[in-house]
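Good morning. I will go through one structure today, beginning with the contacts and ending with the domains. Please have a look at the picture first.

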Amino acid sequence: MIKHVIFDFDGTIVESRYLTVELLNELAPKYRLREIKEDEYEYLRSLSIPQRCRAINLPFYKLPLLKHELTQKYRRATRSLQANKGMKEVLQQLKAKGLALSIISSNSANNIKDFLDHNNINLFDNIISSGGIFGKDKAIGVFLARHSLSSSEVIYVGDECRDIVACRKNNIGVIAVTWGYDAEELLADCGPDLLAQNPSEICDFILCQM
Ligand SMILES: O=C(O)COP(=O)(O)O
């Protein structure tokens with residue numbers, strides 16, 4: 001029975017895709033990246049992370065430093081970001097049913113808290129940063145152990161294939177949402193338990209497993 005729902009932040013709860021592209025373009029000269037044009041967004045969403053990195057001339061070794069700088073720059077814009085339509089209501093409904101809610105994200109806890117405070121979203125029991133882009137599987141594992149949760153008591157809601165992979169490594173269920181960073185076809189190939197086209201499907205899926 002599900003007791004705890006863990007959410008991804010960027011793309012899933014908050015619409016930060018355009019901000020991320022803007023910040024990447026700002027950092028492009030420093031990291032010698034190819035600038036991203038607006039008409040490429042959809043194409044880039046359909047690529048895997050290694051393909052995406054190649055498409056913008058980003059060698060993997062530059063990724064940690066770039067990610068760090070991007071997270072710092074993100075801070076100044078948290079107040080201009082909006083929650084994805086219908087997500088606040090989903091969080092409220094799940095909380096009202098007695099579920100614990102947490103966030104495990106590769107963004108920083110400060111950025112996330114800033115956004116949540118500014119938008120009066122005060123529903124999360126834990127906000128955890130997994131650090132790097134690929135640390136989510138470990139962060140989820142530590143979280144389950146720390147809270148004595150079995151894999152069947154938890155479900156994750158995310159928007160990227162790397163979220164699905166991290167959940168599979170921990171044997172937990174995963175809902176992938178189609179309005180975030182990764183395109184629907186890419187997510188479908190990773191085999192989530194549910195591919196949600198709109199926020200209300202998240203509630204329906206979770207509440208029928210309680
Ligand atoms: O920091 C990011 O760019 C992505 O963060 P997320 O794990 O919440 O999607």
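Let me start with contacts in the chain between residues at least 6 apart in sequence: 67% of them join residues at least 24 apart. Keep in mind that this is a predicted model.

Next, the secondary structure. The chain has ten helices and eight strands.

Now the overall dimensions. The C-alpha trace spans about 50 × 35 × 30 Å along its principal axes.

On to burial and surface. Of the 210 residues, 53% count as buried, where buried means under 20% relative accessible area. The chain exposes about 10100 Å², and 51% of that area is supplied by carbon and sulfur atoms.

As for charge, there are 26 positive and 27 negative side chains. The centres of these two sets lie 6 Å apart.

Last, the domains. How is the chain divided in the domain assignment? Domain 1 is given as 4-15 + 83-207, and domain 2 as 17-79. If you follow the numbering, the 17-79 range of domain 2 falls between the two pieces of domain 1.

How far apart are the C-alpha centres of domain 1 and domain 2? They lie 22 Å apart. The domains also touch: 24 residues of domain 1 are in contact with 17 residues of domain 2.

That is the end of my part.

How values were computed:
Residues are numbered from 1 along each chain as its sequence is written. This is a predicted model: local features need pLDDT of at least 70, side-chain atom pairs count only at pLDDT 80 or more; totals for chains, interfaces and linings use all residues. Side-chain values use heavy atoms; hydrogens and water are left out. Helices (H or I, at least four residues) and strands (E, at least two) are DSSP runs, numbered from the N terminus. Buried means under 20% relative accessible area, exposed over 50%, partly exposed in between (1.4 Å probe, protein chains only). Contact means heavy atoms within 4.5 Å. Accessible areas come from the Shrake-Rupley method with a 1.4 Å probe; for residues, only the protein chains shown count as cover. Lys and Arg count as positive and Asp and Glu as negative; His and the chain ends are not counted. The place of a charge is taken as NZ of Lys, CZ of Arg, CG of Asp or CD of Glu. Domain bounds come from an automatic or database domain assignment.
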